[in-house]
Amino acid sequence: MSDELLNSTAAAQAKRIAAGEVSPEELFEFWRGRAAGDDLGSYLWVADETPDDAGMLPPVAVKDLFCVEGVPSMAASRILEGYRPPYTATSVRNLQAAGARVLGKTNQDEFAMGSSNENSGFGPVQNPWDRERVPGGSSGGSAAAVAAGTAPWAIGTDTGGSIRQPASLCGIVGMKPTYGAVSRYGMIAFASSLDQCGPLTRDVTDAAVLLRHLQGRDPCDSTSLGIPGDIPLPSAERLDGQRFGVWGMEEPGLEPGVADSVRATLARIEELGGSVTEIELPNARHGIAAYYVIAPAEASANLARYDGVRYGPRSGNGDLNSMYEQTRHDGFGDEVKRRIMIGTYA
């Protein structure tokens with residue numbers, strides 16, 4: 001039974017629950033044991049016990065950037081060490097309502113600032129395929145957990161690649177949904193106009209299923225719109241009538257191995273009846289420059305709330321300003337300080 005669960009997709013496990021082949025409690029306990037045995041640094045917290053109502057979907061690993069009521073939610077930062085929110089992020093509540101319970105909180109780059117998961121205040125995450133390599137970031141814990149089989153699926157956040165890049169480095173599926181598709185309420189902010197929640201899964205079908213439950217309009221987030229209509233589940237049989245836009249194949253810096261993999265995928269799309277069209281994104285070359293102005297500037301504003309008064313530990317015994325200074329000196333890591341300073345300058 002354990003090998004069958006370990007090698008099956010989350011969607012397949014949900015079907016087994018619905019068919020009565022495995023109980024929700026048995027499935028949760030199986031994955032809780034797998035998560036508790038993680039030795040990659042993927043988790044910062046794992047559920048202490050199996051809930052009485054384990055739900056009709058497999059449990060989900062949640063990036064530490066999401067607030068979960070009563071559970072440590074620290075954005076992998078010492079400045080929030082021990083913080084337990086009084087509320088739960090809308091995206092996590094949506095999953096809970098659909099029947100997916102929280103398996104654990106996954107490690108990440110502090111405040112989602114990084115691309116290697118080496119910037120966590122609680123230690124790095126290792127790549128499950130090669131422990132001498134990084135899993136990518138900032139959602140490295142979520143990606144490593146899914147790839148290593150210590151979670152059936154997971155959610156992360158993507159500001160400038162923080163889902164897509166670790167998914168690539170760990171060999172799984174990762175998607176950044178269109179901005180506004182998923183509520184940001186309860187997701188600890190890095191850069192509010194860029195942050196978005198999305199799935200990290202074993203296959204595309206699992207990603208579509210998870211996105212179905214994540215998305216939706218939320219009155220607590222004025223930027224959320226949801227996705228109109230139903231999200232279709234993919235079919236590997238035929239792609240007739242489907243169009244795929246491709247950009248960047250001739251861009252400098254695209255590694256040969258990546259290019260070969262993309263070309264093989266495009267050829268497979270055409271074999272299945274889909275059409276591939278080259279598209280133009282003339283402003284894309286400005287993307288990195290724009291990102292490195294917008295993201296740090298928004299981060300410098302968002303992180304001003306961490307002052308030792310309202311959240312987390314407090315350092316220093318002097319006047320108010322010296323307490324702020326000492327708390328931020330002790331609590332923020334080097335990369336976070338660097339981005340705050342760049343953003344404040346901008």
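Axes are lines fitted to C-alpha atoms, for helices over the stretch in contact, and the angles between N-to-C directions run from 0 to 180 degrees. The legends below describe close-up views of a predicted model.

**Figure 1. Packing of helices α4 and α7 in the predicted model.** The axes of α4 and α7 lie 8 Å apart and form an angle of about 110°. Angles of 65 to 115 degrees count as roughly perpendicular, and α4 is therefore roughly perpendicular to α7. From α4, the residues Ser91, Asn94, Leu95 and Ala98 meet Leu210, His213 and Leu214 of α7. Four nonpolar and three polar residues make up the contact of α4 with α7, with no charged residue among them.

**Figure 2. The largest nonpolar core.** This core comprises 50 residues, and Leu80, Phe111 and Ile155 have the most contacts inside it. Two or more residues come from each of the elements α2 (10-18), β2 (60-63), α4 (90-98), α7 (204-214), α9 (287-302) and α11 (334-345). The greatest contribution is that of α7, which supplies five residues. Another core, of 22 residues, lies apart from the largest one and includes Trp31, Val46, Ala145 and Ile163. In soluble globular proteins, nonpolar side chains tend to be buried together.

**Figure 3. The open six-stranded sheet.** The strands follow the order β1-β3-β2-β4-β6-β5, and their pairing is mixed.

**Figure 4. Strand β3 and its partners β1 and β2.** All five of the five residues of β3 (residues 102-106) are buried, so this strand is largely enclosed by the rest of the structure. Three bridges pair β3 with β1 (residues 43-46) in the antiparallel sense, and Val46 stands opposite Gly104 of β3. Strands β2 and β3 run parallel and are joined by four bridges; here Gly104 in β3 is the bridge partner of Ala61.

**Figure 5. The pairing of β2 with β4.** Strand β4 (residues 154-158) runs parallel to β2, and two bridges join these strands. Ala61 stands opposite Ala154 in β4.

**Figure 6. Helices α3 and α5 against the sheet.** Helix α3 (residues 24-36) lies across β1 and β3, and runs at about 20° to β3. Helix α5 (residues 140-148) packs on the sheet and touches β1, β2, β3, β4 and β6 (196-201). The direction of α5 makes about 20° with that of β6.

Terms used. Residues numbered from 1 in each chain as written. Predicted model: local features only at pLDDT ≥ 70, side-chain atom pairs only at ≥ 80, totals over all residues. Heavy atoms only, no water. Core = buried A, V, L, I, M, F, W, Y, C linked by side-chain atoms within 4.5 Å. Buried < 20%, exposed > 50% of the residue type's maximum accessible area, 1.4 Å probe, protein only. Parallel < 35°, antiparallel > 145°, perpendicular 65-115°, else oblique. Contact = heavy atoms within 4.5 Å. Nonpolar A, V, L, I, M, F, W, Y, C, P; charged D, E, K, R; others polar. Pairing = 2+ DSSP bridges.
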